[in-house]
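Thanks for making the time this morning. I would like to walk through one structure with you, going from its core to the contact between its chains and then to a few single residues.

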Amino acid sequence: MAVEDRAREDIALIRRAIEEGGAYTTACSPDMLVWGVAVALGYLHTYAFIRGWSAMQPNAAWAICIGLPWIYSLRRQIRTLFGSAPPLRGPVAQALGMLWLGCGVFLTIMGVAAIATGAIREGWFGAVVAGVMGIAFYASAWMTNLAWLRWVAVAWWVGEIAVFALRHQPEVLPLSAALMLMLLAGPGLVLLRRGARVGR
Amino acid sequence: MTDYDHAAIDELLHSRVRLAIVAFLAGAKTADFSAVRDATKTTDGNASIHLRKLEDGGYVAVKKRFVARRPQSLYSLTERGRQALLAYVAHLENLLPLRGGRSE
């Protein structure tokens, strides 16, 4: 192999590996854990309200359970507004961030619209959430080179079927909460404990 | 040393696996053993050997800790490793006729 060819291949390898490293770090941020716990609490509170265990209106609880994670996830942009330089990220890491941001925006708009119009009572929204989570995890598995995230995606799609099947039962709420804890907060915790945030 | 002096390239980074490990850690800052192994698409034994060589060369630092009673090794790139990677990239660029310019 010519020296130039070897040099080109090495540069491509370095670029790809740095990208994968950046994407891995992005995936290891605590956002998944924060969102998974917050949305699970929202589902559990709604279930508690239906059962008469809580007097707090579900809409108020959801405003907190969705609003606070958004503030947390937008911390980088908020810091940038106050003059801090945004961290340098490669295209794959940025694409990963944009993927999750896009999913979050889509689900928030759909969720607010479904609550405002009363369509949330038809029960299909939980299945949409599970389906979108499956897509996000499936794409993330490729971007981060973490093959096990594909199985999380598959589990979300199985969960989507279960949530749709139970959409008219109140038990869909604890099931959705369990999916959020096991398939969003769980992978978030695993990634966080794998240590990419240590030493920052 | 000339730009075409291929033998002058850092021997520690001349291995594709070690180069991939160093580049991955340059992007990730810190990662555990399985993340490094998965990223470089190698086996436990192979990754372990190459990480040890990089550690011995001072390019990679390792921190060991216990998570849920299981040992975990966290790897990060040292300043020496970062400088070696930058020097290696600069050397590679000089080997390319169009991008390096000087080697034409």
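This is a predicted model: local features need pLDDT of at least 70, side-chain atom pairs count only at pLDDT 80 or more; totals for chains, interfaces and linings use all residues.

Let me begin with the largest nonpolar core, which has 71 residues, and in which Val22(B), Ala23(B), Phe24(B), Leu25(B) and Val36(B) touch the most other members. By a nonpolar core I mean a set of buried Ala, Val, Leu, Ile, Met, Phe, Trp, Tyr and Cys residues joined through C-beta atoms within 7 Å. A residue is buried if 20 or more other C-beta atoms lie within 10 Å of its own, exposed if 12 or fewer do, and partly exposed in between, with the C-beta atoms placed from the backbone.

As for labels, residues are numbered from 1 along each chain as its sequence is written, and chains are lettered from A and ligands numbered from 1 in the order in which they are written.

Staying with Leu25(B), what does it touch, if we do not count residues up to four places away in sequence? Its partners are Gly21(A) from the other chain, together with Ala31(B), Val60(B), Tyr75(B), Ser76(B) and Leu77(B), where a contact requires the C-beta atoms, placed from the backbone, to lie within 7 Å.

That brings us to the chains themselves. Chain A has eight helices and zero strands, whereas chain B has six helices and three strands, with its elements running α-α-β-α-α-β-β-α-α from the N terminus on. These elements are DSSP runs, numbered from the N terminus, with helices being H or I of at least four residues and strands being E of at least two. Of the 200 residues of chain A, 36% count as buried, and for the 104 residues of chain B the figure is 35%. Among contacts in chain A between residues at least 6 apart in sequence, 75% join residues at least 24 apart; in chain B, residues 24 or more positions apart account for 52% of the contacts with a separation of 6 or more. The C-alpha atoms of chain A fill a box of roughly 75 × 40 × 30 Å, taken along the principal axes.

How many residues does each chain give to the contact between them? Chain A supplies 25 and chain B supplies 26. On the side of chain A, helix H1, residues 3–27, brings the largest share, 16 residues. That side divides into 11 nonpolar, seven polar and seven charged residues, counting Ala, Val, Leu, Ile, Met, Phe, Trp, Tyr, Cys and Pro as nonpolar, Asp, Glu, Lys and Arg as charged, and the others, Gly among them, as polar.

Within this contact, H1(A) packs against helix H5 of chain B, residues 79–95, at an angle of about 140°, with the axes 9 Å apart. Axes here are lines fitted to C-alpha atoms, for helices over the stretch in contact, and angles run from 0 to 180 degrees between N-to-C directions. The two helices are therefore oblique to each other, given that angles under 35 degrees count as roughly parallel, over 145 as roughly antiparallel, 65 to 115 as roughly perpendicular and the rest as oblique. From H1(A), Val3(A), Glu4(A), Ala7(A), Asp10(A), Ile11(A) and Ile14(A) meet Val89(B), Leu92(B) and Leu95(B) of H5(B), a set with seven nonpolar, no polar and two charged residues.

H1(A) also packs within its own chain, against H6(A), at an angle of about 140° and with the axes 8 Å apart. Here Ala23(A), Tyr24(A) and Ala27(A) of H1(A) meet Ser140(A), Met143(A) and Thr144(A) of H6(A). Thr144(A) counts as buried because it has 25 C-beta neighbours inside 10 Å, and its C-alpha atom is separated by 5.3 Å from that of Ala23(A), 121 residues away along the chain.

Asn145(A), in the loop between H6 and helix H7 (148–165) of chain A, has a positive phi of about 60° although it is not a glycine, and with 22 C-beta neighbours inside 10 Å it counts as buried. Lys41(B), in the loop between helix H3 (33–40) and helix H4 (44–56) of chain B, has a phi near 50°, again positive in a residue other than glycine, but Lys41(B) is exposed, with 11 other C-beta atoms within 10 Å.

Definitions and conventions:
Two residues are in contact if their C-beta atoms, placed from the backbone, lie within 7 Å.
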